[in-house]
Protein chains: 2
Amino acid sequence: MPGRRKSPAAAAIDERRFHDWLSRTLPAGRTGLLPLGDDAAAIRPPPGTVAVLSIDSLVEGTHFRRNSPPERIGAAAAAVSLSDLAAKGAEPTALLLAIVVPVGTPQAWAEAVARGAERMAEQFGMALVGGDTKPGPVRTVVSSVVGWARARALAPRSGARPGDLLATTGTVGRGGAAAARLLRTQRPDRAALVEMLDIRPRVREGLALARYAHAMLDTSDGVAEATRLLSQASHVRAEVDWDRLPLAPALRLGSLSLSERRRRAFYGGDYELLLALPPQRLRAAERVVEGIGGMLTVIGRVQRGHGAWLVMRGGRARPMPASGWQPFARTTRRRT
Amino acid sequence: MPGRRKSPAAAAIDERRFHDWLSRTLPAGRTGLLPLGDDAAAIRPPPGTVAVLSIDSLVEGTHFRRNSPPERIGAAAAAVSLSDLAAKGAEPTALLLAIVVPVGTPQAWAEAVARGAERMAEQFGMALVGGDTKPGPVRTVVSSVVGWARARALAPRSGARPGDLLATTGTVGRGGAAAARLLRTQRPDRAALVEMLDIRPRVREGLALARYAHAMLDTSDGVAEATRLLSQASHVRAEVDWDRLPLAPALRLGSLSLSERRRRAFYGGDYELLLALPPQRLRAAERVVEGIGGMLTVIGRVQRGHGAWLVMRGGRARPMPASGWQPFARTTRRRT
């Protein structure tokens, strides 16, 4: 198939031409047992592993704008799915993309999305092995991923036990700070459009931490929401100490009030990992994360009981504030 | 998680409530190693198999209408992906759904989509193991599937060899006949809306035939397009005899002219399997397909050369007509 037809990137998209471009351009042969563009992709599982699967969507108007840089849209689409694999300690392997674009969209747009996704993917050893392009009125990019993990290392959300510590990778509130900036402007500039798509999946941390965690999940809707989900799935009380949260630099500005800081800390998706682990494994977990240049901070604890709680200075516990991220609410915009 | 919150199906959709409904309702535990609703799903590969992966999208306005029955949309979403697995002789296992709906859509709509997909899936031993719901202006349903196959049974599109026979399962033109009916009306009735989503993936046929085929693919864009793709990928000449095509009953009406019959035969997606196989394997392939109540018809042959050709009565070969299905063309509607 390669090389037979020119690919005028400025021309309107055509499914066949786009697939020809994909086959020529992307190094799917690395992983795939079938040529890119066949009915399906095929990959060989490493011995002793289970397949870990996830799917996510980014939609124009909700997660990106018409003029958001397409490479960044593709990178973000791959990143949100990589973050799900990270949360289960899976080795990323294969990415499939479904791209919906209006008739007449330049092929260059879809090519840039695919290239951005492929670049993000390959940073973590994952290859784009398949895709689908369909006409539709609204640009939409759906990523579906497959990774491999040891079954016994999978840390379900439901695995937290009383006595566990709660810890997070990275910082808290990077997503919320970006969302706050975006909400302040009607016409976001390129920097704001890029920032809302800037997701750094903690794949290496997830691979390193899975074996130490009883439960792990990503903070794709913020640390407050992740704590709530963990407490609900594990039927435990989860407490987070406000003073221990490793706030993102943008939230440490002296000009921000405590309540504003708190609002932003919990507002947006950080795509860090929240985990529950037994205290005796903490040192080892810290060591492996430091070994890969990451950060791990204990932020709270798991107890008998139920609900997610925020413990303020002085020890007063209050119900964890809801995420600012209200999916399907009419009044907020989701970052991703 | 289950049982804590009521699920008023008439209420507007909410991501969390929808996921709670999924966890309560769907029997993902059958296949999954993680509870439904975790960051990712996990499934165990059967020994000695490779993972076969595909993704497909159905978009409102392109593949279905606002008032198409949602169970049928879900069933069709699962079916188009099942058809891809069928084409690679893979045993279907896991389905992930990404559903995009406008804010305010009744939850019942998404529930019906998921239920329709699950029912179609379970006919073929596949379970819905994960999902994603996002707000967006246009209803979109993306299905991503995983199946398992023996690596040596995978029949790539590129595997056809001179001397092979070309054969198809089922009939030719069912999709084109449905599309023709749809194009005749401005306001399709329920029967027409259902018919355009009525896809019967040939999973059992694919599993039975994969080991006999040098090349196999589905006729999701019609038999003409599939023949063209096979000849292109395999660098061979593919000839189809018009008189041997097992036309769908709707195309055998005496009132249709030959040219109209031909137009409809090649217009739409049939979701049958087209395969290239050596003549000495034909009897065995016919037997296994008959054994499962299916149909296999030899329709042509593979030769040295290139291009897809339609051989009319008397032996005159003409270039295979293009599919009526022009993805991204402004003037045609795609059926799916």
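Two residues are in contact if their C-beta atoms, placed from the backbone, lie within 7 Å. By that criterion, residues 24 or more positions apart make up 83% of the contacts in chain A with a separation of 6 or more. The model is predicted, with local features requiring pLDDT of at least 70 and side-chain atom pairs pLDDT 80 or more, while totals for chains, interfaces and linings use all residues. Residues are numbered from 1 along each chain as its sequence is written, and chains are lettered from A and ligands numbered from 1 in the order in which they are written.

**Chain A overall**

- Chain A contains nine helices and 12 strands; these are DSSP runs, numbered from the N terminus (helices: H or I, at least four residues; strands: E, at least two).
- Of the 336 residues of chain A, 59% are buried (20 or more other C-beta atoms within 10 Å of a residue's own, C-beta atoms being placed from the backbone).

**The sheet of chain B**

- Seven strands of chain B form an open, mixed sheet in the order β7-β9-β6-β10-β8-β11-β12; strands pair if DSSP finds at least two bridges between them.
- At its edges stand β7 (215-218) and β12 (317-319) of chain B, each pairing on one side only.
- β7(B) and β9 (residues 273-277) of chain B run antiparallel and are joined by four bridges, with Leu274(B) in β9(B) as the bridge partner of Leu217(B).

Conventions: Buried ≥ 20, exposed ≤ 12 C-beta atoms within 10 Å, placed from the backbone.
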